[in-house]
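Me: I'd like to learn how to read the packing in a fold like this one. Could you walk me through it, starting with the sheet?

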Amino acid sequence: MQIYEELQARGLIAQVTDEPQIRELVNNGKAKFYIGFDCTADSLTAGHFMALTLMKRLQMAGNKPIALIGGGTTMIGDPSGRTDMRKMLTKEDIDHNADCFRKQMEKFIEFGEDKAMMINNADWLLNLNYIDMLRDVGACFSVNNMLRAECYKQRMEKGLSFLEFNYMIMQSYDFYYLYKNYDCNLQFGGDDQWSNMLGGTELIRRKLGKDANAMTITLLTDSQGKKMGKTAGNAVWLDPNKTSPFEFYQYWRNVDDADVMKCIRMLTFIPIEEIEEMENWDGSRINEKKAILAFHLTELVHGTEEAKKAEETSKALFSGMGDDTNMPSTTVDASLIVDGKISLIDLLVLGELAKSKGEARRLIEQGGISVDGEKVSDFGFAVSADALQNGVKVKKGKKIFHKFSV
């Protein structure tokens, strides 16, 4: 099975501009493709996972990736998939985030001479002259067509800023620039990027009289159609300091039964033949599938050793077996202990199990918190300093664990 057929078998391909041509390029290692990453945070998330694994798959098949860091486009903000305007970041923030992205990408993609490239679109976008840009590129875009794009339509009711309206032109210019200067012949992106990507192929056709191609990959959504990669309203980060390897493991270990095989197909490097065998497993083996998914993805992001630690910790918590020393934990500063104790509400906020004291109180009153295996319903409950000496395990809901100690 060649790489294009494998992408199809894994359910990754959503839309393509010219399937025969794209198939020929990627199957013969002739694609020099790019995927863009805007630097909106100091870490990539599980939402970027599919793009990273796609780049890895295509590079393994002999194609050359370009990881395009959006140092310029992040100054604008992509309205795709948004109901509100993105937070404006400073250039210093964007540069810092770009450095963090590179370190994480190097775990997936091999950079170097005649291998993958990392390029920052700030190198050309920030130096553009506005009038020259309007004359050179603006004339190639129809406002009527732009307003019909899904990424703009969904924002029209709440308001679309002129700043964001320019994003499609910026992304299109990226493809044009990379095609002209780096022989980049293919762009990949999430399915919500289709309109922006078509803008790039059209700009190349109008300016250079050449044909370039684009392909979108299926967005990773759960059985309810919601984007995956968030837990309790927060992103699942690839940075271990923002989402620990154990928490990362637990996220995938706890996906809904209906989503397990889809995630295994789309995200892991388990051979298709083995996946097809797994699909015929008895329903009683669903937890085995989840454990396989969680281990493979944690190993990809954090390495084999951290994946094994996360697996052991998970066994310790849910079956009473294994080592729980790698559970997410917080050290309580002595200054927070008053009269030999600290309130459970304060612990929940300190360990980021609740965003505020009010939320912590509601969690306790609703029976969502256990301390060392005992459910607590009294919001006035406090933990003693003596108990913290040995470590106190707090459980939120059914799946979130945290250890507190001094």
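Predicted model: local features only at pLDDT ≥ 70, side-chain atom pairs only at ≥ 80, totals over all residues.

Me: What is the strand order in the open sheet?

Reply: The general idea first: strands of a sheet pair through backbone hydrogen bonds, either parallel or antiparallel. Here six strands line up as E1-E6-E5-E2-E3-E4, with mixed pairing. Strand E1 (13-16) and strand E4 (117-120) are the edges, each pairing on one side only. From one strand to the next, the twist averages 25°.

Me: Which strands does helix H2 lie across?

Reply: Helix H2 (residues 19-27) lies across E1, strand E5 (186-190) and strand E6 (213-217), and runs at about 85° to E6. Helix H4 (residues 91-105) packs on the sheet too, touching E2, E3 and E4, and its direction makes about 155° with that of E3.

Me: Now helix against helix. At what angle do the axes of H12 and H15 cross?

Reply: In general, two packed helices are described by the angle between their axes and the distance between the axes. In this model, helix H12 (residues 245-253) and helix H15 (residues 286-302) cross at roughly 145°, with axes that come within 8 Å. The crossing is right-handed. On the H12 side, the contact is made by Pro245, Phe248, Tyr249, Trp252 and Arg253, while H15 brings residues including Leu293, Phe295, Leu297 and Val301. Sorted by type, the contact residues are ten nonpolar, three polar and two charged.

Me: How many residues of helix H13 are buried?

Reply: Seven of the eight in H13 (residues 260-267), so "buried" here means under 20% relative accessible area. Among them are Val260, Ile264 and Arg265. The cover over these buried residues includes helix H1 (3-9), helix H3 (49-60), H12, helix H14 (272-278) and H15.

Me: Which residues touch the most other members of the largest nonpolar core?

Reply: The background is that in soluble globular proteins, nonpolar side chains tend to be buried together. This core has 62 residues, and Val26, Phe37, Met105, Phe188, Trp252 and Leu267 touch the most other members. H3 supplies the largest share, seven residues. Take Met105: beyond its neighbours within four places in sequence, Met105 is in contact with Phe37, Leu44, Leu52, Ala67, Ile69, Phe111 and Met118. There is also a second, separate core of 22 residues, which includes Val137, Phe141, Cys184 and Leu203.

Technical notes
Residues numbered from 1 in each chain as written. Heavy atoms only, no water. Axes fitted to C-alpha atoms, helices over the stretch in contact; angles between N-to-C directions. Helix = DSSP H or I, 4+ residues; strand = E, 2+ residues; numbered from the N terminus. Left-handed = near helix turned anticlockwise from the far one by under 90°. Contact = heavy atoms within 4.5 Å. Nonpolar A, V, L, I, M, F, W, Y, C, P; charged D, E, K, R; others polar. Buried < 20%, exposed > 50% of the residue type's maximum accessible area, 1.4 Å probe, protein only. Core = buried A, V, L, I, M, F, W, Y, C linked by side-chain atoms within 4.5 Å. Pairing = 2+ DSSP bridges.
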